[in-house]
Protein chains: 2
Amino acid sequence: MNRYVQQGDNPDITEERLKATFDVDRFTEFYHGGLKRLKSRRKVERYLEEHAELRDIRPTPFMSRDELIDNSIRKLAGMAKFNEMIDLNDIEKTTYFLQMVHVRDSMPFSLHYLMFLPVLNSQASPEQLATWMPLALSGTVIGTYAQTEMGHGTNLSKLETTATYDPNTQEFILHTPTISGAKWWPGSLGKFCNHAIIVANLWTQGKCEGPHPFWVQIRDSETHEALKNVRLGDIGPKLSLNGSDNGYLIFDNFRIPRENMLMRHSKVLPDGTYVKPPHSKLAYGGMVFVRSMMVRDIANHLANAVTIATRYSAVRRQGEPVPGKGEVKILDYQTQQYRIFPYIAKAIAFRIAGEELQEVSKQLKKGEASQLPDIHALSSGLKALVTFEVQQGIEQCRLACGGHGYSHASGIPELSAFSCGSCTYEGDNLVLMLQVAKYLTKAVTSPVASGICAYLHKKSSALQSALSSHKTYSDLQIVQDFEHVTRRAVLQAMDKLKIASGTMPDAWNRCSVELSKAARWHIRLYIVRIVLSKISTAPEDLKPVLRTLAKLYIFDLQVSNKGHFMEEGYMSAQQIDELKEGIWDAMSTIRPDAVSIVDAFAIHEIELKSVLGRRDGNVYPGLMEWTKHSQLNEKDVPVAFDKYLAPIIKKLRSRL
Amino acid sequence: MNRYVQQGDNPDITEERLKATFDVDRFTEFYHGGLKRLKSRRKVERYLEEHAELRDIRPTPFMSRDELIDNSIRKLAGMAKFNEMIDLNDIEKTTYFLQMVHVRDSMPFSLHYLMFLPVLNSQASPEQLATWMPLALSGTVIGTYAQTEMGHGTNLSKLETTATYDPNTQEFILHTPTISGAKWWPGSLGKFCNHAIIVANLWTQGKCEGPHPFWVQIRDSETHEALKNVRLGDIGPKLSLNGSDNGYLIFDNFRIPRENMLMRHSKVLPDGTYVKPPHSKLAYGGMVFVRSMMVRDIANHLANAVTIATRYSAVRRQGEPVPGKGEVKILDYQTQQYRIFPYIAKAIAFRIAGEELQEVSKQLKKGEASQLPDIHALSSGLKALVTFEVQQGIEQCRLACGGHGYSHASGIPELSAFSCGSCTYEGDNLVLMLQVAKYLTKAVTSPVASGICAYLHKKSSALQSALSSHKTYSDLQIVQDFEHVTRRAVLQAMDKLKIASGTMPDAWNRCSVELSKAARWHIRLYIVRIVLSKISTAPEDLKPVLRTLAKLYIFDLQVSNKGHFMEEGYMSAQQIDELKEGIWDAMSTIRPDAVSIVDAFAIHEIELKSVLGRRDGNVYPGLMEWTKHSQLNEKDVPVAFDKYLAPIIKKLRSRL
């Protein structure tokens, strides 16, 4: 029996669930990577259900900034009490627990775990680690990572904060010379942390040795007051993540001991002598892992959005195509399906790509360094492509919910605001795509191409796609066609770069739009290949529905970019039409399964936070219930009416 | 001298302004439709500068919902005092005044002006008008228009609210039979209005006569309390527009006199006899006017966003392509230009289209009814296309501002949240595009094609585009190429519809994605034609910059949709490459003019509400200034820290 069918549900949604052509639980198992991981998820969910202290008192959209902060810090303190759920050896479970507690708001100390500890771990010397790590893990030191400045992001060498070594006192003097050099954006830096790893340009013996990390206490351990000569504050409200501060920090000749420089790689000796690191290259492994987590996370945001839009579309009725036959479910409209279904397919494709990247990054840790440039480029490009397309998808889901999508009751505004920051943090998407392009320029000219770039060196085997019917279009043919288009895009951009006049930076700049577009094809090709390969090893009973979803993803990609496939007659207008038919076919096939597919994502209602996306489909009573939280509804006549309007109206009425 | 260059400005932005190749004031005059309108704008701006009571006390992103409401109602009350600026005979000036007072939040009584008064005007009988209009204009009756229900939007015939005539008492009984029949969404319905025009299905003599409008008092004139048997409330927070309620209303057998039905068109006689309206068709004229206003408004939101992104990109420096030469302005990167410049061009193109539509709708009022279907379709399609593309543009502008785009200091989150509702209200975009498609099916088969559809009946004159160089690509050739592509898209969709099997509603549904895409081409063609024609009559000195912008808009449209232009070899890959070169060329030409073009939009800082988009370019001091508004910065140690974290940390420290 389908676990999602329950007593009291809206019959319109039950009807959908009874139509499913596959076993929902088996899909969930596949989607979440096995029963073991699923069970661990369910444990977290039960825990949250049982511990109201870890949940919101009322829906966050009804909270002011002060209340949001109170709410998130209260939950954070609650977590400290229930830290049995935090297990640094089970990242999967711990992450899910943190995510379920904080859902779509900032986890105020996330940078402590995501940046402060890992950087410490990789940059502090063994002696430093022995001293600091116990403190950092004790819960008394709350740290963040402060690199970005108001006027400086990706270009580290231009950071304005300086750490000038004074051999007389054997101290570093940290200083912020201008407003644009203020540390700006680090999570919780302004209000809730008492320590930070500060990245500053190191000056010693009159010479700048470039950016280095320092361990810096910024607030008093007892009083939590900002230390003297450290100005700290909140940078103000953001699109989302308002349950904590994003902070600023300004140093006024603030002194720290020499030993506070993180000295695993480079050192400053007591006399001020700078000792270079033995290897100048940093390890990218950590960055790849963070990005693989991001890709999966962001794909999950899209999974949330399509869950909401699909379930709502199954209970919302509007329009009566055949007069007298009653209004139909909006999910029956092709235009509505076209808004949602390709994004269901994308949510799955992106998740698969993220999982794969995670696997690969784990292997990296075990030392397969030769693949590092491939994987690093891949992680950059995937992050950039997925974060952007997920935003577009969430917006389409919002539109698919009609007017109610604009209400916070839908949950989509929060989803969208929360996840869209990902296009910028952990590397601006444009900058990342150009890194992929730079990597591709090397791959094209390299005599030995790695597996992932082998296609660049293949001769195009055909002048025309082999596609005759979308029903017989094989995985091999699909990959060939994507390889053809990607190769063409990459080689053309490289050719353009080669013949571009001017200096190299100039030429690069003038080709950069085309280079980044070519890079995007490289990433698309990777996703297409991984998705097809993953599905070919899926359980037999799930293959039909998964294949239909994959084809929808792929055909939609081709039709939306048909110009690329049609160049030089590689595909004809008839072949594109055939792919279109493939899309309409796939959508009809998915239609009866749609609700069950999103059910199979198994997103808990604590995470979904949506009246429109409720499992039970009882949207309308839910919307009415929702209004009870509104502060405006506490009084019949609002305060502002009596305060401002009543006197005016009274006066006007006296004149009538 | 350029009025935007002032003492104390950031030299990086002054440098830009000194490079302009055209006279900014002359561009402003062109953009705003003449000196007279411009002067009237400036008058409003000075008025706002002088009247602090009409402005926000602090930036709205720092306000809670209660404060937002207090703020907007306070300004509303202020307006009542300064109503010298409200002149119903000068819609342009009045609208701008209202917009400048309320900027990017709800004008709480906007529906009073936009819907309540106009509907009264067109639906009330002369006797009713004589009674009600003085009340409606007196300021004592505050009305809204309540049509939409929780479960019912566009399909009016399915509204659940009933008005059942009781001949015994000569009253209508208004009733809400279910939750989904609650009136839902109307602006200010829940809290601030005392009257509403209610649309309900009329029952008399046992028969339903369809939806009709009624004049209904919902709150007491003295106490402002909700009347008995009327349940009123706020539906909760939304993406934006939180300075007022969007309301719900539930009737429990609420009685109103027979005379309260708006009886200009249909009537119910005292004995309950229903008298049909003489003409069953409603006038679309008003709707066209509202949409033409919307198109202009929404284009203006995009103008705001590109102003912010362009000015910020001229003062933000990042990256050092030539080592040692210093960081460059991010506006110099081709990828950044590609993010912003096409949307500068779109902001202008959409404004031109909106202005044209407004002109046409004014002529309609003078009685040119034969064009009504063309214009109605056009207004639907333009609204749908422009609102969606503006959203995409605003998001690109946000991304173009990097991390700071995510902060409310950029002003872009508010812009985006405020304007994205326009994709849904005044007609869901998908529904509207399908209306255009329906109109096109008629135009294709009609023996006499109107001017706007004449292209559908033209034989394609060429098998290949005449484009040889983007420099010599003439207006005529451009229009021909767009006509070709549009005709092809429309005819293909129609052919598909013709051969589709099943019933007509079924066939229509299965072709609806392609039909709506074809409709979009019809609208694009219209914009391209209007833009070229408008620019051909522009002042000579402005023509070069305007033509470059138009070409950027057009070439980008072609390259982004190259598949459509390449079908059946109409354009070759070489021709598409030529258009790409045209884009890069146009962007280089625009580069030195970019800041001055957005300056020429002449958006006042009260409207812009952006630290990043400040005229003076002093972004970094501005960001620091901005933090002073943060409630979190009122205390060094936040309340939540002492409340929740201090005790835990103390305990943990005692164990160290």
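Visitor: Which residue of chain A comes closest to the rotation axis?

Guide: A:Gly563, with its C-alpha at 1.7 Å from the axis. This is a predicted model, where local features need pLDDT of at least 70, side-chain atom pairs count only at pLDDT 80 or more, and totals for chains, interfaces and linings use all residues. Residues are numbered from 1 along each chain as its sequence is written, chains are lettered from A and ligands numbered from 1 in written order, and side-chain values use heavy atoms, without hydrogens and water.

Visitor: What makes the axis relating chain A and chain B a two-fold axis?

Guide: Two copies of a chain are related by a rotation about an axis and a shift along it. Here the rotation is 180°, the shift is 0.0 Å, and chain A falls on chain B with RMSD 0.0 Å. That is the relation of a two-fold axis. The superposition is by least squares on C-alpha atoms of residues with pLDDT of at least 70 in both copies.

Visitor: How do you know that the copies meet through the same surface?

Guide: Of the interface residues of chain A, 100% are also interface residues in chain B, so the surface is the same. Contact means heavy atoms within 4.5 Å. Chain A gives 134 residues to it, and chain B gives 134 residues.

Visitor: How much area do chain A and chain B bury between them?

Guide: About 11,100 Å², with 62% of it on carbon and sulfur atoms. Buried area is the accessible area (1.4 Å probe) that two parts lose on being put together, summed over both.

Visitor: Why is the pair B:Glu320 and A:Lys158 called a salt bridge?

Guide: The term asks for a side-chain nitrogen of Lys or Arg within 4 Å of a carboxyl oxygen of Asp or Glu. The closest N and O atoms of B:Glu320 and A:Lys158 are 3.6 Å apart, so the pair qualifies. Between chain A and chain B the count is 16 salt bridges.

Visitor: What does UniProt list for A:Thr148 and A:Gly187?

Guide: The unreviewed UniProt entry lists both under "binding site". They are spread over 40 residues of sequence yet cluster in space, with a largest C-alpha distance of 10.9 Å. UniProt positions are given in the numbering used here, feature names are shortened, and annotations may be inferred rather than shown by experiment. A:Gly187 lies in strand E4 (183–187) of chain A. A:Thr148 is in the loop between strand E1 (143–146) and strand E2 (162–166). Helices (H or I, at least four residues) and strands (E, at least two) are DSSP runs, numbered from the N terminus.
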